[in-house]
Structures are given as C-alpha cells and as structure tokens.
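Hi everyone, thanks for making time this morning. Let me put the model up on the screen, and then we can walk through it together.

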Amino acid sequence: MLLAGAALALAGVAGQAGAGEIVGAVTGPDGKPVSGAKVMVEDLQRGNVTGKDGRFRIAAVPGGPIRVSITATGLASDFSTVDVPAEATAQLVVTLRKNDLIRRSAALVAEPQPEHLAQKAAYLAGLRKPKGKVPNIVLILFDDLGYGDLSSFGNRLIKTPNIDGLAARGMKLTASYASSPVCSPSRAGLLTGRYPLRSGLATHVLMPTGSNEAAYRRSRGLTNALPADEILLPEVLQRAGYRTGLFGKWHLGDTPGHLPTDMGFTEFFGLLYPNDTEPTDLWRGTKIETPAARFDQATITEKTADETIAFIDRSAGKPFFAFASFTAPHRPHFANPRHMGLSEGGLYGDVVEDLDDNVGRILTALRERRLDDDTIVIVTSDNGGDFLASVGDLRGRKGDTFEGGMRVPAFVVWPGLTKPGSVSDEMTMNIDLLPSILSALGIPLPKDRVIDGKDIAPILTGAKSPHDHLYYTASWAGRIEAVRDAGFKLRDPVSDDDLIARQRATGGQGGLYNLAADNESHDVTTRHPAERRELQGALDTMRKAVAGNPRGWLGKDR
C-alpha cells in the first residue's frame, strides 16, 4: 500500500445525533495543505473535497471502523481506517507522499540483471533427471471459463460429461483460484509458482508489440513480456528429461527471447494472444503457419486437441508435459459446426460443450494408449468468467478480486495420490502447480527467489491446505487488494496509479466476508473484529514485503 504516513487521532466531541462525523486535513510531502484532494468514505460512496486549507468534513457517518480513501493528482493515494464514535467526531490527519509509480515500474521493467540470469542458468544446469519412473503431465487450461459453467459446478443448461467425469476419477477442488482475475498475470503465476506481481506482469494483460495498447503499457512503465530471468515449469521439466509442448494460447510475450520455444517448450502450436486480438496468426514453433486471414475461429478448439494428441503420440516411451491451453470460451464465440445449435445454453453453451468434447478426446487418447494410470491430469481456468459466462452464486466476474473473478473450477487426477470421487473445499491457487510437481519429482525449488506456491499433496490426500493465507491481485492497479484464510476474506481496495488518468479507487467497496456463509454481500467486520484485524495485519505485512522487494529475490543479490 502506498501509505505516506497517516496519523490518526480521535477526539470525542459532540456530533450529529445518531451518527458521527470525520473531520481532518490533508498535507503534501512538503507539509503544505493539499487542496482539491478527494476524500471518500468507501462504504457510503460519498465524501468531500479538501479546501484551500487542505481541510475537509464528512457528516452523518455511521459509528465504528470506517474506511477512507484520499486521492490527489500526482500524489500517492492513502487508504486509512478510522474509528468513528457514535454521535462524536473522529479526526483524520494524513500526509500524502509523492507518487512513486515511475520508480517502482522502472524497477520492474528493467532488463534482467546478469546475476539473476546467472542464478537461473546455474539452477537449471544443476538439475538431474529423477531416478525411476516419472508421471506424464497433462495440463488443460480454459480461457475465461466461469465457476458455474460446468454441470458438476451447478450449470443446468450446459452439459459437460467428460470434464465432470474427472471428478469421479480424481478430486474436484471447490476453492481453487487463479492468481489474477485476468489472463497474462494468471498464466505467469501458473508457470512460475509466484504471485504475478513478482514478474512485473500483475497489471492487466500483454498486448501485441507495435500496437497502440502496447505503447500505452510502456507509457505507464509496464513490461510487455514475461522476464527472461523467471524460472518456468516447462524449463525445469525439460531439464528433468520431459518432452514439453504448448498447444493453444500463450499470451506471455511475442518478441524473440519471450516466445514459448524460448521459455521451455520443445513444441508450440497456437496463438500468441487471445482470439480477440489481431493479428490472430496461428503459429507453429517460431513461424506463422496460418495467417490471420485464413484462421478459423470455429475449429481452433478441435485443432488444439488434435495437436495435443499428436504430441502425446510423438512422445511414446518418454515422459511428457502436454499443456493444452484452449482459447475458449474467451470472446468472440464461434461454434464448431459439429456442435452448433445443440446446447440448451445457446451459443456460449455450444462453445463450452465443444470444449468438453475435445477434453474427452484427449482423455480417451490417454486411455487407449494405456497412459492414464501413469499421467497426472489437471484441469482449470485462467480466471473467472466474463459477462456471458456463469459464475454460479459468486459475486464479481473476470477482472474483479471478488470471488467470481478469481475462483475457478478445478479437477486433479493424480494416480496414487487422489482418491476417486473425492472433493476438497481447501483453498489452493494455480501458483501451487510448480512446487507440487517439483516436490513429487524430488526436484528442489530455486533458492534465489520467493516461490509463493505450496506443495498441495496434503490437499489431494484429504488434508488441510498448506496455505495460511491466499492473496488476490487487482487487475488494473496490479497490487494486492484482498486476502483470505480458511474461513474469511478481507477486501481492501487499492487505487489505479495511472499517471495519465486521475488516480481512482477501482476496487469498489471493501469489507470482511464470511466465505462459508455468504457470497461477499455482507461486511461482517462488526461481528468479527478480531478476524478483521488479523487479516488486515496479514495484508499489510505482505504489501510491505512486496514494496521492499517487488521481484521477490533472496540472498545477497536481491
């Protein structure tokens, strides 16, 4: 949090009957009053603007802990919680710091330091192939599939028997999360085992080099590719003797050094960006195989499955990591002629049922080749559902740190580990994939960087989550906005520090939520103040740690 140093003072003087008020002053880093600063009571969505003397007053405020945001052009935003006495006045005095977005962004987008590239190279060079037989790995990732889009997660219109069948063979995870509510950051988290802010990709998504959108990212000081010093799961698996292939969507860079085949994948077939981003050229390796003018949106799901199955066949006798990264059900929606008009869920249902059919083809291929008993299968989505999807009874959608933006359907079939037909409500996140697989293979984690994910083998055998807390990253501000533990969640909205547009609070109303009993509709802070304090403390600690070491380097070269 970009707190400049807020000083809180409470004074019990008479106020309005039945309600309190907040009065105070805002000064800048030079100690002078800041006029025109916007002071908002987040829960009430109203406030005031400071006068020439930097002072403000907000009347008729309910008693209790009140969240106040203060934003001013060119200065870092402040978010403070002030205890407002009933029928009395709370005073809030805040000093805002300079906006350090440029400095922070520069630290993230700078070229990788030689020492970190060297540490990565040394780590990979030191890896050895595991002894004995190792499992194959099939990772199936959907693009924007919502929590309620599958039959097994409550959808009554869309039929997904093949994906649902994974629950009978393994474990269904009901509290599984993407590491971001949007695509590129989530995929970075998935492949690195680290929260996306570690790689500098936490803010929105990557754009084609040379586009106006890419120039805008640069104007904000944002990187447009996954840094080369990050260690990716396919790079580790390559060193462990695996054949690695990505089929479908990449969305982590489009320049030499940042293509899939530069970052651990032996083979690549698919799109560098989503199916709504021009040019929709279809790549094979490092070359365009099908130009955008001939790209068929209706059959890309089928082709992704075709390529995944062909890769499995080419890997006969060798361990493989097959990453089927489907482009659907991301918009725009095109139904495969084989499934057009068949779903009770309309066009969107046709797209999802086509996905299910092609997932079934991949699973059938494993079974027919007698590989299913030797293959880990993981199925999930890169973030929550968009506005044409279903998020079930969750609040929020893609782009939000409410549950609907980041909680996703997930299944794991891990021979010898998962019990058929099992269900877990324990919290996990896609950053857990890398440490879980490396642990199973006996491969040590790198020691020069923070790995935020955990080995979730305990969850897969029916035990508790290894996480005490999970953190939610805001998609536009690119900073941590929420935290949850086993039962509660705290949303503490952050601001979008755009140097072009005026700063604004983008996260909406914050609060403490009982996830087991509510869909983030009711702030239960007054009922559970100790839980609020504990989660606020965890959030503040994480924010402080990230501010001091954004890339999460460890050791003397941090």
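Let's begin at isoleucine 140, which sits opposite valine 379 of strand S16. For the terms: two strands pair here if DSSP finds at least two bridges between them, and the numbering runs from the N terminus over DSSP runs, with helices being H or I of at least four residues and strands being E of at least two.

Before I go on, a word on where this comes from. This is a predicted model, so local features need pLDDT of at least 70 and side-chain atom pairs count only at pLDDT 80 or more, while totals for chains, interfaces and linings use all residues. Residues are numbered from 1 along each chain as its sequence is written, and side-chain values use heavy atoms, with hydrogens and water left out.

Now, the other partner of interest. S16 is joined to strand S17 (residues 407-413) by three bridges, and these two run antiparallel. Within S17, valine 412 is the bridge partner of isoleucine 378.

Why is S16 described as largely enclosed by the rest of the structure? Because seven of the seven residues of S16 (residues 375-381) are buried, where buried means under 20% relative accessible area, exposed over 50%, and partly exposed in between, with a 1.4 Å probe and protein chains only. In a regular strand the side chains alternate between the two faces of the sheet. Here both faces are covered: Thr375, Val377, Val379 and Ser381 are buried on one side, and Ile376, Ile378 and Thr380 on the other.

Helix H4 (residues 183-192) tells a related story: 10 of its 10 residues are buried, so H4 too is largely enclosed by the rest of the structure.

On to charges. The count comes to 27 salt bridges, taking one as a side-chain nitrogen of Lys or Arg within 4 Å of a carboxyl oxygen of Asp or Glu. One of them joins aspartate 143 to lysine 249, with the closest N and O atoms 2.5 Å apart. Aspartate 143 is in the loop between S9 and helix H3 (161-169) and lysine 249 is in S11, so this pair links distant parts of the chain, 106 residues apart. Both aspartate 143 and lysine 249 are buried.

A second pair is glutamate 230 with arginine 551, at 3.0 Å between the closest N and O atoms. The glutamate 230 end is in the loop between helix H5 (212-219) and H6, and arginine 551 is in the segment after helix H12 (529-548), 321 residues apart. Glutamate 230 and arginine 551 are both buried.

Last topic: an open sheet of four strands, in the order S20-S21-S22-S25, with antiparallel pairing. Its edge strands are S20 (470-473) and S25 (511-514), each pairing on one side only. Inside this sheet, three bridges join S21 (residues 480-484) to S22 (residues 488-491), and alanine 482 stands opposite arginine 491 in S22. Happy to take questions!
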